Amino acid sequence: MALKLAPCASAAQNPNSAPSTSCCSAVQNIGKQSPQCLCAVMLSNTAKSSGIKPEVAITIPKRCNLVNRPVGYKCGGYTLP
């Protein structure tokens with residue numbers, strides 16, 4: 001699942017980086033199937049070791065303007081905006 005989010009690497013490291021279309025598409029697809037899985041991937045040790053910042057990664061659904069994103073959804077110690 002983490003490989004499907006590879007297009008989001010730069011957007012998950014820099015809060016000012018606009019997520020790519022392929023990133024937003026991947027986030028939307030995984031988020032529809034399982035928001036818990038999306039959360040787990042964004043907070044995983046694999047993601048962190050790749051330079052992903054969890055506090056930035058969890059803002060991607062909002063930055064992609066996804067209509068059905070989980071508003072107020074708790075993701076580990078973070079709450080999705």
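**Entry: the pocket.** I started with the largest pocket and found 16 residues lining it, with Ala2, Leu5, Ala6, Ala47 and Ile52 nearest its centre. A pocket here is an open set of points on a 1 Å grid over the protein atoms alone, where a 1.4 Å probe fits and protein lies on both sides within 12 Å along at least five of seven lines; lining residues have an atom within 4 Å of a point. Helix 2 and helix 3 (45–49) are the elements that give two or more residues to this lining. I looked up the volume too: about 230 Å³, taken as the space filled by probe spheres set on the points, which are joined across faces, edges and corners.

**Entry: a note on the model.** This is a predicted model, so I kept in mind that local features need pLDDT of at least 70 and side-chain atom pairs pLDDT 80 or more, while totals for chains, interfaces and linings use all residues. Residues are numbered from 1 along each chain as its sequence is written, and side-chain values use heavy atoms, without hydrogens and water.

**Entry: the layout.** I found 5 helices and 2 strands, in the order α-α-α-α-α-β-β along the sequence. Both are DSSP runs numbered from the N terminus: helices are H or I with at least four residues, strands E with at least two. Of the 81 residues, 37% count as buried (under 20% relative accessible area; exposed is over 50%, partly exposed in between; 1.4 Å probe, protein chains only).

**Entry: helix 2.** Which residues of helix 2 (residues 35–42) are buried? I found Leu38, Cys39, Val41 and Met42.

**Entry: two single residues.** Ser17 sits in the segment before helix 1 (21–33) and counts as buried, at 17% relative accessibility. Leaving aside neighbours within four places in sequence, I saw Ser17 in contact (heavy atoms within 4.5 Å) with Ser10, Ala11 and Arg63. Asn65 lies in the loop between helix 5 (60–63) and strand 1 (74–75), and at 63% relative accessibility it counts as exposed. I also noted that phi of Asn65 is near 55°, a positive value in a residue other than glycine. Most residues other than glycine have a negative phi.
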